[in-house]
Amino acid sequence: MARRILTGDRPTGPLHLGHYVGSLQNRVKLQNEYETYVLIADVQALTDNFEHPEKLEANIFEVALDYLAVGLDPAKVRIVVQSMVPELAELTIYFMNLVTVATLERNPTVKEEIKQRNFTKGVPVGFWSYPISQAADIAIFKADLVPVGEDQLPMIEQAREIVRRFNRLYGKVLIEPRAMLGAMARLPGTDGGAKMSKSIGNCIYLGDPPDVVRKRVMTMYTDPKRIHPTDPGTVEGNPVFTYHDVFNPDKAEVDELKARYRAGTVSDTEVKARLYRALNAFLEPIRAKREAYANRPDQVRQIILDGTRKGRELAQETIAQVRNAMSINYSFTHSRDRTMDRARNALSHVWKTVHEIMTVPSTGNIAICWFCGAIRSLRNGKVREFTVDGRNIREVTTRPIFVDDETSANIIGFDCAVPDSNIDLDYIESTIRGIPEAFYPSVD
Ligand code: ATP
Ligand code: MG
């Protein structure tokens, strides 16, 4: 299968230097080798901007302009608008069953973002659970590579877990994605904050005109302990030098500035003025290309519509496979035919009788699946099925044994899926020893 990239951005404003070094640069580099889908995640943007949905349309346009300006080629890359692919919402709902509340609560990026945002009425469920919808975004396009900034690593890990879980439960349909970090995994903000971020407003945008770039650079946070140009300054962790390292191609100039800064022989103003020059040279061609596309809005809209149509086709293909694997592609045929279908699709249990493995003489008709720990008993014309749930053995279903015993043995209730944690067979054994009556209720 073709190698595929999915990545994206929230249309909460135009894109900035952090996006460029964190992700855009890799997308441009890899667009020739990978089939690339870039998602403008407007549904995700709503999770913390739901009071202002009217801003999305203009922002989607701005983000698309930035993509084209940095060199994403519309002949190769599909720009997809998230809300126009409703299959993403469907997959998100299925994925919600595969993640625990505790796991969501542990996500360090979401925790940090919740702190930054002022959710006066509490954290919306949509925001708190956005890693699940992001997993659906990645999975539906069957991407194997996701170029992202460092803040997104927990999201990719979450997506991997969900995909593994899905594939184990329902059959191998989805692809486990890998994250790819950019040249600068986390570009700090102009305010010295850990991350340049649209929602914080500490950004230099790719489309900013020269005078705005100059103003943002000249007011940047530097070494706060340095009062006079003659004070020795600190280079490490100083965002002005971080930007020099990333955006100034003249390494000799950067080294010289660092040496003079440490020695106290250069002013902050000069260091910043030279940064402005380097940054402006970097941004100039991007700005020009952006303006050219901005003057052809119909062409940009068409690029978005074409990309979204192709993206949706792929999403529809995947969601059909997902429904199929989950056995929710109902055909409402005769029930016995359905049973046979299910038996064919199911991952079979590997039954071992308790008699075989535990030498409990009276329990020869009780079997445990060696993979998933499901327990069944066959007696008096009935199949009973149990699961071990915490410290209890819980009866899940009772049904008559079908004519075809083999089928009946393998398809009862749920399909075999290896659980996340190891099955504690000793525990199951001791529980069965303790309450053998549970398996022998009187049946007529
Ligand atoms: P918002 O504040 O609305 O969340 P954002 O600036 O964080 O906006 P996103 O649209 O959330 O931008 O992120 C899109 C992509 O850009 C992600 O892969 C993210 O990791 C990357 N990215 C964003 N900011 C930076 C940064 N400062 N350094 C490196 N990568 C970044
Ligand atoms: Mg973000």
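A nonpolar core is a set of buried Ala, Val, Leu, Ile, Met, Phe, Trp, Tyr and Cys residues joined through side-chain atoms within 4.5 Å, where buried means under 20% relative accessible area with a 1.4 Å probe and protein chains only. This is a predicted model, in which local features need pLDDT of at least 70 and side-chain atom pairs count only at pLDDT 80 or more, while totals for chains, interfaces and linings use all residues. Residues are numbered from 1 along each chain as its sequence is written, and side-chain values use heavy atoms, without hydrogens and water.

Of the 444 residues of the protein, 48% count as buried. The protein has 18 helices and 10 strands, taken as DSSP runs (helices H or I, at least four residues; strands E, at least two) numbered from the N terminus.

| Core | Residues in core | Among its residues |
|---|---|---|
| Largest nonpolar core | 47 residues | Leu-17, Tyr-67, Ile-204 |
| Second, separate core | 36 residues | Phe-95, Leu-104, Ala-139, Ala-315 |

Within the largest nonpolar core, Leu-17 is one of the residues with the most contacts. Leu-17 touches residues including Leu-187, Ile-204, Phe-247 and Leu-283, not counting residues up to four places away in sequence; contact means heavy atoms within 4.5 Å.

Helix H3 (residues 56-70) and helix H14 (residues 297-325) pack with their axes 10 Å apart, at an angle of about 90 degrees, the axes being lines fitted to C-alpha atoms over the stretch in contact and the angles running from 0 to 180 degrees between N-to-C directions. H3 is therefore roughly perpendicular to H14, a term covering 65 to 115 degrees. Ile-60 and Phe-61 are among the H3 residues at this contact, and Val-300 and Ile-304 among those of H14.

Methods:
Chains lettered and ligands numbered in written order. Buried < 20%, exposed > 50% of the residue type's maximum accessible area, 1.4 Å probe, protein only. Parallel < 35°, antiparallel > 145°, perpendicular 65-115°, else oblique.
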